[in-house]
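Please read the following points beside the sequence and the structure, which are shown first.

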Amino acid sequence: MLNWINPTTSTPAISQRSPVGARLSRGLSKGLAVAATTGTLLGATLGFSASAQAMELRFGHAGTEDTAYQLGAERLRDLLAEKTDGDITMTIMGNSVLGHETEMFEQQMAGALDMSIVSPGLITDFSPTANVFTIPFLYRDVDHWQKVLDGEVGEEIAQKISDETDVKVLAYFGGGKRHIVSSREVTSLDDLEGLKLRTNPTKPLIVAWQALGVEPSVVAWKEIYTAIQLGAIHGLLNEPEWTLRMRFHEVAPNIALSEHDITVRLLTMSKMSWDNLDEQQQQTLMESAHEAAAYARKVQLEQDASALAELEKQGAKLHEIDRERMQEIVAEPLKEVIAEMGLQDIYNKVRAVR
């Protein structure tokens, strides 16, 4: 799985000889190793205290201290401490100190980590339903995106992912608007022909961008800058905040405003940890998670807009592009893929939200 920046009460029975089992074993080993280095026992790694009423949760994520990931996690920690009179506390471990997002998700599947934030595109091996969030042009605008995540359809998707993975989806972070970031100018759809772009390796994305003439490329996250610099690829699909943070605009100074996606990030919890909460604690956690997620999305949207303005200030060129025509071109190929992947029903429900 690439480094790209998701119920029953039993641990999934996955053979360690399978690719998924091997990744799960590596993720669990990494989680236990981190616990050992901090001098904790396995019981502490699971995040449970001896008391049924008091719990200390371990929350891992991949963001730095100024990201919406961290700020949202801090808001959740503070809300829980306030609403439970300190019975539920949280230790936040950001900047991927517990591993890559996929590894942290696997640790939750095994019960070795309590909570994390994960990109849906990274867990499609575990949850077919998570693929719905990788479909380009899924949302009409930010208002539609918000209503999907906060409404019944968002709850249904969360439940499906939870059922498929034994990891509970509590709420949704996100808010970055993705565009085409490239070394070549893209001012019309003709300019997409032959453009080599780094994309997530999910079928809806690949099929859609191939229909537009793009050559989707597989490049590890940490290698993107060098790959663009050397001409191995022309750019990537990314949101302004991370384009600025990773300084991709230094080698790919053109941003075509495709806004083909508004990112969704899953706020997740190990089912084992969830089951160790009593009913009142579960209700308090869910309420706090939704409140913290709403705050994190607001922060992300603001950071995204601010980053785009800063990129332009630093010399990046912003190009308008025919988004309506793009959607017309990808409609039929996406229709076939959505049906093939069994996502038609949930896709229709997302599109029907008003």
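1. Ser119 sits in the loop between strand S3 (115-118) and helix H5 (142-150), where helices (H or I, at least four residues) and strands (E, at least two) are DSSP runs numbered from the N terminus. With a relative accessibility of 3%, Ser119 counts as buried, the classes being buried under 20% relative accessible area, exposed over 50% and partly exposed in between (1.4 Å probe, protein chains only). When residues up to four places away in sequence are not counted, Ser119 touches Glu101, Val264 and Arg265, contact meaning heavy atoms within 4.5 Å. The C-alpha atoms of Ser119 and Phe133, which are 14 residues apart along the chain, are separated by 9.1 Å.

2. On the basis of these values: this is a predicted model, in which local features need pLDDT of at least 70 and side-chain atom pairs count only at pLDDT 80 or more, while totals for chains, interfaces and linings use all residues. Residues are numbered from 1 along each chain as its sequence is written, and side-chain values use heavy atoms, with hydrogens and water left out.

3. For the protein chain as a whole, there are 13 helices and nine strands, and buried residues account for 54% of its 354 residues. Its accessible surface comes to about 14800 Å², of which 49% belongs to carbon and sulfur atoms; these areas come from the Shrake-Rupley method with a 1.4 Å probe, and for residues only the protein chains shown count as cover.

4. Helix H3 (residues 68-83) packs with helix H11 (residues 279-313) at an angle of about 150°, their axes being 8 Å apart. Axes are lines fitted to C-alpha atoms, for helices over the stretch in contact, and angles run from 0 to 180 degrees between N-to-C directions. H3 and H11 are therefore roughly antiparallel to each other, since angles under 35 degrees count as roughly parallel, over 145 as roughly antiparallel, 65 to 115 as roughly perpendicular and the rest as oblique. The crossing of H3 and H11 is right-handed (left-handed if the near helix is turned anticlockwise from the far one by less than a right angle, right-handed if clockwise).

5. The H3 side of this contact includes Ala68, Leu71, Gly72 and Arg75, and the H11 side includes Tyr295, Val299 and Gln303. By class, the contact of H3 with H11 has 11 nonpolar, five polar and four charged residues, where Ala, Val, Leu, Ile, Met, Phe, Trp, Tyr, Cys and Pro count as nonpolar, Asp, Glu, Lys and Arg as charged, and the others, Gly among them, as polar.

6. Within H3, Leu71 is partly exposed, with a relative accessible area of 24%. Apart from its neighbours within four places in sequence, Leu71 is in contact with Glu65, Asp66, Tyr295, Val299 and Gln303. Leu71 and Gln300 are 229 residues apart along the chain, and their C-alpha atoms are separated by 9.8 Å.

7. Asp304, which lies in helix H11, has 4% relative accessibility and so counts as buried. Its contacts, leaving aside neighbours within four places in sequence, are Gly175, Gly176, Lys177, Glu239, Pro240 and Glu241.

8. Helix H6 (residues 152-165) and helix H13 (residues 344-352) pack at an angle of about 155°, with axes 9 Å apart, which makes H6 roughly antiparallel to H13. H6 passes H13 in a left-handed crossing, and Val153, Glu156 and Ile157 in H6 meet Asp345, Ile346, Lys349 and Val350 in H13. The residues of this contact divide into four nonpolar, no polar and three charged.
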